[in-house]
Amino acid sequence: MSHSVEPQGPQSPKQFFGEELRRRREAAGLTQCALGEQVVCSPSLIAHFEAGRRKPRLEDAQRLDAVLGTDGFFVRLRRALDGTSQFADHFAPVADLEPLATAIEAYAATLVPGILQTEAYARAVLRAGQPNYTAEELDRRVVNRLERAHILKDPDSPMVWAILNENVIRAVVGGPAAMAEQLRHIVALGRSGRVLVQVVPHSAGAHATMGGMLTLMGFADAPDVAYTEGVYSGELIDDPVRVARCRRSYDLARAAALAPDASLDLLESAAEEYESDHRS
């Protein structure tokens, strides 16, 4: 009696990587737990790789090749993944992790965090960063950025805590109307309880994270990670010692910030000022 095989749908590059990893792990007679022990990954992380939910780091791929005897196959496959994301290479791993996180805590020194941006604000930021975009390319990048905010529509998606330096609300990105809309959007998320928002006022003076942007992500089945970003560069940090230092800096910034209600009041006041500027 013949058995019909259900055809598989199209695979993403990460799913292809994961399927190849599963096939070669099983051929080597290893469980996810056994492979994880040898490549210094948790079994749940191996499961995420195989399901195509997370993209391994290059060093993970190197260890997979060493353990499975695959002669650089996974390193080559991993390098090929870098060109498949709709996000910049340095940010792509973070975009992959955001939907998997149980908590996202962001400190913003100069710009509204991407998942909180409105269309007009995002468009102004992206246009300023690359003024020679074609209209189609700019539209695509704006859509990609706004799609990240979909995680805020699901009540079971990550808890989000955003700390904004007052610089963020004083820089007029996209003009007064765009700023008023952006701040009203953040206030609405804060008032609804979906996002916890705090502002570090200028009067707070020096504080631990004022030098740059920092994001912390926590997971139910994997260690926390941190992400820092500069101009056209970013670093995803998973070393526990460095992540702990980032956590300490974030907590110090939180201590310097206004309370959530006072922060939302400040954002509303700034939005009103921008609305008044726009009308005049």
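Me: How close do the axes of α10 and α12 come, and at what angle do they cross?

Reply: Two packed helices are described by the angle between their axes and the distance between the axes. Here helix α10 (residues 176-192) and helix α12 (residues 260-279) have axes that come within 8 Å and cross at roughly 155 degrees. That makes α10 roughly antiparallel to α12 (angles over 145 degrees count that way). Axes are lines fitted to C-alpha atoms over the stretch in contact, with angles from 0 to 180 degrees between N-to-C directions; helices are DSSP runs of H or I, at least four residues, numbered from the N terminus. This is a predicted model, where local features need pLDDT of at least 70. Residues are numbered from 1 along each chain as its sequence is written.

Me: Which hand does the crossing of α10 and α12 have?

Reply: Left-handed, meaning the near helix is turned anticlockwise from the far one by less than a right angle. Residues making the contact (heavy atoms within 4.5 Å) include L183, I186 and V187 of α10 and L264, L267 and Y274 of α12.

Me: What about the axes of α1 and α5?

Reply: For helix α1 (residues 13-27) and helix α5 (residues 73-81), the axes come within 10 Å and cross at roughly 165 degrees. So α1 is roughly antiparallel to α5. Their crossing is left-handed.

Me: Which residues make the contact of α1 with α5?

Reply: On α1, P13, K14, F16, F17, E20, L21 and R24; on α5, F73, F74, L77, R78 and L81.

Key. This is a predicted model: local features need pLDDT of at least 70, side-chain atom pairs count only at pLDDT 80 or more; totals for chains, interfaces and linings use all residues. Side-chain values use heavy atoms; hydrogens and water are left out. Helices (H or I, at least four residues) and strands (E, at least two) are DSSP runs, numbered from the N terminus. Angles under 35 degrees count as roughly parallel, over 145 as roughly antiparallel, 65 to 115 as roughly perpendicular and the rest as oblique.
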